[in-house]
Amino acid sequence: MRMKRVDIMKVGVIGIGITKFGEIWEQGLRELLLDAQLRALNDAKIDAKQIDSLFTGNMIAGLASGQLHIGAMAAENLNLNKPSVRVEGACASGSLALRQGIAAIESGSADIVMASGVEKMTDISTEQVTTALMGAGDEELEGFNGLTFPGLYALLASAYMKEYGLKREVLAEVSVKNHFHGARNPYAQYQSEITVDTVLNSTMVADPLTLFDCSPITDGAASIILASEKTAKKMGAEVYITGSGLATDTLSLARRKSLLRLDAGINAAQSAYKQAGITAKDVSFAEVHDCFSIAEIYAVEALGLAKQGEAAQLYTSKQTYFDGKKPVNTSGGLKACGHPVAATGIKQAIEATMQLRGEGGKRQVKGATTGVTYNVGGSGGTACVHVFKKMK
Amino acid sequence: MFRESPIIRWRNYSDRYKLRGYKCTKCSATYFEYKGMCPCGNLDFTEIDFSGRGKIAAFTQIHGGPEAFENKTPYCVAVIDLVEGARIEAQVMDCKYEDLKIGTEVEAVFRKFYSSGEKGVIHYGTKFVPKF
Ligand SMILES: [Zn+2]
């Protein structure tokens, strides 16, 4: 019997581009996307014509502005007539676009790919955003009952806090740390530090989650350009994606096996780690999906940075700061950097690339060699994990 | 966004009005509302009308609602384990939020949900009240 060949997948990151995240009234969906695309091309030092395929994540434009067909829009922006597809998986749309780009390269159908994410959220009312985002849950089993997105995560928080005794003040440390990082990130929506009291004293959104436990409503776009290992090496790329894991679960919380963990996240992490040939111990830093503070607790456990039920100690001992043992969300996370839903997955990939290139500025993780990104759709219906490696 | 079509909700009326569930004929797992294929692989279900008794497994009070519920805040939503085994998400009402706990016993009641616009259809369904 022949031994099975074990090839570690390597797809190079040759260009990154991101807009400022925030309330960007003067730019629409198309302009935001173009802005990120041009920045990525500029960073890669390639011409748009060199791109073979485009994948673009977008969640709410169809509801918010009536604009669908974002695939063609992304290609038109660069005057291309190449294959271009819009990808949607709720808040994980960006990572799904990235994963589709990797798959296109791995299949040999493309050598250079652009993966983007774009969201224009501040044109509509908060109630409309709430309704649109709830499309990520189970419309019939959850939405009809008045559940909201913060409501779903508040349900998870209530079950987790009871089971593991997670204290409210410790949960607040997630947002405090993310704002600390956001204050050191020039493209973050909120570049200000906060305290535990800021979180505890802010408006209640869905008990126990207050406004400062929740990621904001954000406009923004992000683009990343990938190339096959051969091409990326020729271009001198330093950062490579070596693992990609994707898993799904039921849309509704009620039909999950447990409220205390996100199985999709655990499964996605395990398959990405396996493909990359790493374990949680090899991870230098993680960019994770903290749409709500409690989501970061579930994320670090899914990634194996803490054991099930024990994430609190990472926060009481402040290990998740950029200079700690297990840095998490050096970008400021969704909370401080902002959460233009479908752009978030690409933003995570960009932050991972910047850290590995040594471009992290005031939030640079020293000696980082391996970064992971963890992006979730809905309350855990989709989870997508990628492993990034610095290679010389 | 589109105004909601009444027929989308009408399709589920019988399930919601009677708190009707589906029991797998092979492994006996029960579900509230439609479940296409049971994880055991079976496609056959028998209808069961739940007793409406259950316990709270997780709960929250929502202060910022979606469009259909924006005038009804704050309201409580819970994950409820029905005695027959199915788990559902529903509103809990007629109580002080502070009195609710994980484990509180609740009972189903038939209530108005919302109407689709000013002249639209009024939707009803099942909510729960605690049994202290
Ligand atoms: Zn079955």
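**A:Y160 and A:Y298 are both buried.** A residue is called buried under 20% relative accessible area, exposed over 50% and partly exposed in between, with a 1.4 Å probe and protein chains only. The model is predicted, so that local features need pLDDT of at least 70 and side-chain atom pairs count only at pLDDT 80 or more, whereas totals for chains, interfaces and linings use all residues. Residues are numbered from 1 along each chain as its sequence is written, chains are lettered from A and ligands numbered from 1 in the order in which they are written, and side-chain values use heavy atoms, with hydrogens and water left out.

The rings of A:F149 and A:F292 are tilted relative to each other, because their planes stand at 45°, with the centres 6.2 Å apart. Rings of Phe, Tyr and Trp (its six-membered ring) pair if their centres lie within 6.5 Å, and planes under 30 degrees apart count as stacked, over 60 as edge-to-face and the rest as tilted. This pair ties together parts 143 residues apart in sequence, since A:F149 belongs to helix 6 (residues 149–164) of chain A and A:F292 to the loop between strand 9 (285–288) and helix 11 (293–302) of chain A. Helices (H or I, at least four residues) and strands (E, at least two) are DSSP runs, numbered from the N terminus. A:F149 is buried at a relative accessible area of 4%, and A:F292 is buried at 5%. The pair of A:Y160 and A:Y298 is likewise tilted, with ring centres 5.4 Å apart and planes at 45°; this pair links A:Y160 in helix 6 of chain A with A:Y298 in helix 11 of chain A, 138 residues apart.

**An aromatic cluster with residues of chains A and B, and charges over rings.** A:F144, B:F69, B:Y75, B:F113 and B:Y114 make up one aromatic cluster. Over the face of B:F113 lies B:K127, at 5.1 Å from the ring centre. In chain A, the charged end of A:R184 sits over the ring of A:F180, at 3.7 Å from the ring centre. A charge sits over a ring if NZ of Lys or CZ of Arg is within 6 Å of the ring centre and within 35 degrees of the ring normal.

**The zinc ion is coordinated by B:C24, B:C27, B:C38 and B:C40.** Each cysteine contributes its SG atom, at 2.2 to 2.3 Å, where donors are N, O and S atoms within 2.8 Å of the metal (3.2 Å for Na, K and Ca), and sites may look incomplete because water is not among the atoms. The angles subtended by the four donor atoms run from 104 to 115°, so the arrangement is tetrahedral. Four donors count as tetrahedral if all angles lie between 85 and 135 degrees. In sequence the donor residues follow the spacing C-x2-C-x10-C-x1-C. B:C24 is buried, with a relative accessible area of 3%, whereas B:C27 is partly exposed, with 39%.

**A:S215 in the loop between strand 6 (209–210) and strand 7 (220–228) of chain A.** A:S215 has a relative accessible area of 15% and therefore counts as buried. Apart from neighbours within four places in sequence, A:S215 is in contact (heavy atoms within 4.5 Å) with A:D290, A:C291, A:L334, A:K335 and A:H339.

Terms used: Four donors count as tetrahedral if all angles lie between 85 and 135 degrees; four count as square planar and six as octahedral if opposite donors are over 155 degrees apart and all others between 65 and 115; anything else is irregular.
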